[in-house]
Protein chains: 2
Amino acid sequence: MADLTRSPLAPDRFPELPEVAGVRLAVARAGYKAWDRTDLTLAELAPGTAVAGVLTKSKCPSPEVDWCRQALAHGTARALVVNAGNSNAFTGGRGKAAVEAVLAAAVETLGCAETEVFVASTGVIGVPLPTDKARAGLTAAFAKLKAGSTATWEDAAATIMTTDTFPKASVRTAVVGGQTVTLTGIIKGSGMIAPDMATMLGFIFTDAKVAPALLQEMLSAANEQTYSCITVDGDTSTSDTVLAFATGAAGNTPLDGWTSAGADAFQAALTDLCRDLAQQVVRDGEGAQKFITIAVEGAEDDRAARVIALAIANSPLVKTAIAGEDANWGRVVMAVGKAGEAADRDRLAIRFGTTLVAKDGLAVEDYDETPVAAHLKGRDIDIGVDLGLGEGRATVWSCDLTHGYISINADYRS
Amino acid sequence: MADLTRSPLAPDRFPELPEVAGVRLAVARAGYKAWDRTDLTLAELAPGTAVAGVLTKSKCPSPEVDWCRQALAHGTARALVVNAGNSNAFTGGRGKAAVEAVLAAAVETLGCAETEVFVASTGVIGVPLPTDKARAGLTAAFAKLKAGSTATWEDAAATIMTTDTFPKASVRTAVVGGQTVTLTGIIKGSGMIAPDMATMLGFIFTDAKVAPALLQEMLSAANEQTYSCITVDGDTSTSDTVLAFATGAAGNTPLDGWTSAGADAFQAALTDLCRDLAQQVVRDGEGAQKFITIAVEGAEDDRAARVIALAIANSPLVKTAIAGEDANWGRVVMAVGKAGEAADRDRLAIRFGTTLVAKDGLAVEDYDETPVAAHLKGRDIDIGVDLGLGEGRATVWSCDLTHGYISINADYRS
């Protein structure tokens, strides 16, 4: 088994997170794997909690993803159940039945509508989630809440992990109509032991009062600039899920449209929170030793800029060059060229850190290699590309490709 | 520097190749790198030789690629010059001038049109090809031909290599209007030391008489099923080039359209030759320990099948699973799901070797793991996917992703 010591890119400590009014957390041990740890997370949500979500575009999604997509249409939530250690993906009718059993157990306890229960699972593909274990775990979690024993954010962030090397969370506040509201998020992803599938699951909780339709628009907009801008290996999970829950307990003037007082502030806080969470996933990328920020400007439009930035971010040759601390800008040229978007070789400029290394279609003669070499020895690597064509820009985040990635994913047999 | 011993997937020996009437080969040492080996290859072609080509779709192509695209419009060739050790890509006006110098030297010797001279270069990106070295090398090569000293196919196949671990060639014959014609090809690609860019260069020579327009159609059609169906790491070179030359010296009834006698036989031989050459590139993939054939059927159409097959072939998670001899079909499901083409999870079937491991959206219960494990221990791995939707099918070839890939591309500093 691969060595899964804490990523060198992890933050120094878990952040201090306040409680979010309207959210009660519990964790339990369903026993999905032979792990000596909790693996089921329950978030009980106040009646009237608004919900929004973004889900994997995979054509082979898990039944949990199918269910969330269906339930999101109703816009309210009373519970979130997260299973770690088994993704329940590609398990046919038995996987679907397992999800239904979880829904039924929650509905029975809370007396809510089925569509108010959200479920996400992460772990091995192809093994149906054991219904008895899921039900027993959920019952135990509800019992803890009934006894007044709630879990911390750190408990929850740790319980949703699979082979992540550190628990990930973040918090922001925004002022909405004079009232300060809190947005807290937890996320997991990118640590993995074969044959588990790296799944990104993110959950955001706020005490703000937000209409479901607006919450969905805000989350979708934030997603475009955050979760959709990260990559570890270009492989998309069957189970990726980000859900946002707004309990409304803060008592702010309701946010029900983009023109509501505080909507801009809330959106900014949400996007900032999502960016931090997304970047933490990259910082726990399999085998990652360096965190790479790729900023593309001068593209035809923002969409083209993102396609080009992701082509660079996913290139094994660029990622291995960064691992080798090699200012190999030729590989960046290669990745720009293969992206398929408009590019003009003879207008292209590339920088590492703040040093321009290539422009106007050729190397900058006699650029100072000293700051470039120093930059590449660091943990945080900046690559800038200017296409010189238009106003389109995008920033994406990736990590290097190292022997650690191969060790985690190949030097292990299922 | 990475260890570049001969790939374990290499053929046992270099094939026996006959001379192709109308083609004379010479190799020389231009000295592009501090290599103790020849690095410039010249093929002199009989007057009236037809030419066709397929070139990289990169938006940042080398000036050699730009030139070949322009010259191909004229349809005839008298010389091919291949430089190894320097791709001359992303070198602005100086790179263009270097190509022009090579053209001028060949035109002066042969008295041909400039558009009859084809040039390809492979190696480091961003360093202009040294004009003096190129010219001196080419002069030396022409001098050898004048002295009646020609090189062998193996000499040529070895001289176009960069960090390939074995020279690659193949031969086929076809009967055209009662006359047997020969098709011989050499190719390089996929071995690499950073910061060199892996470039695939392939050259096919036939003594058949083929009209340029038909030769182009035939090469393009063969390309779709061969070179466009291989991948080592999903990174597309700035310099990929395949050129086909038909000298006409065999004296066959000319092939000038698809209905010409022997056109089908010629096309079949050409495609078969290209497939062999393309597969040899994968067998020399960086760090490759296993050769993977991925056959997708039941897709909406052939195009969709190829997109899905390439998504599997390029997935780092699938490639590391094969490296780990792990029958991790969940990662195949993941790759099908992310490809973006139509797929129905609940109709999907997957096999490793001849053993069906998943069908109808879930694992085949109690399939025999013994033959699967034995298959995965071998050098040649077959993955089959049936989408169950339509008649579309495609086969692509890839290799596994190993520590060797990281060593070659990261454990080395430019």
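Rings of Phe, Tyr and Trp, the last taken by its six-membered ring, are counted as a pair if their centres lie within 6.5 Å. In this predicted model, a search of the whole structure finds eight aromatic pairs over all chains.

**Aromatic rings**

- B:Phe205 and B:Phe245 form a stacked pair, with 5.4 Å from centre to centre and 20 degrees between the planes; planes under 30 degrees apart count as stacked.
- Because B:Phe205 belongs to strand S7 (residues 201–206) of chain B and B:Phe245 to strand S8 (residues 241–246) of chain B, the pair ties together parts that are 40 residues apart in sequence.
- Both B:Phe205 and B:Phe245 are buried.
- In chain A, ring pairs link A:Phe118, A:Trp153, A:Phe205 and A:Phe245 into a cluster.

**Charges over rings**

- A:Lys168 lies over the face of A:Phe166, at 4.6 Å from the ring centre.
- In chain B, the face of B:Phe291 has B:Arg283 over it, at 4.0 Å from the ring centre.

**Two packed helices**

- Two packed helices are described by the angle between their axes and the distance between the axes.
- Helix H1 (residues 63–72) of chain A packs against helix H2 (residues 92–110) of chain A at an angle of about 50 degrees, and their axes are 9 Å apart, which makes H1(A) oblique to H2(A).
- The crossing of H1(A) and H2(A) is right-handed, and the contact is made by A:Pro63, A:Glu64 and A:Trp67 of H1(A) together with A:Gly95, A:Lys96, A:Val99 and A:Leu103 of H2(A).

Definitions and conventions. Residues are numbered from 1 along each chain as its sequence is written. Chains are lettered from A and ligands numbered from 1 in the order in which they are written. This is a predicted model: local features need pLDDT of at least 70, side-chain atom pairs count only at pLDDT 80 or more; totals for chains, interfaces and linings use all residues. Side-chain values use heavy atoms; hydrogens and water are left out. Rings of Phe, Tyr and Trp (its six-membered ring) pair if their centres lie within 6.5 Å; planes under 30 degrees apart count as stacked, over 60 as edge-to-face and the rest as tilted. Helices (H or I, at least four residues) and strands (E, at least two) are DSSP runs, numbered from the N terminus. Buried means under 20% relative accessible area, exposed over 50%, partly exposed in between (1.4 Å probe, protein chains only). A charge sits over a ring if NZ of Lys or CZ of Arg is within 6 Å of the ring centre and within 35 degrees of the ring normal. Axes are lines fitted to C-alpha atoms, for helices over the stretch in contact, and angles run from 0 to 180 degrees between N-to-C directions. Angles under 35 degrees count as roughly parallel, over 145 as roughly antiparallel, 65 to 115 as roughly perpendicular and the rest as oblique. A crossing is left-handed if the near helix is turned anticlockwise from the far one by less than a right angle, and right-handed if clockwise. Contact means heavy atoms within 4.5 Å.
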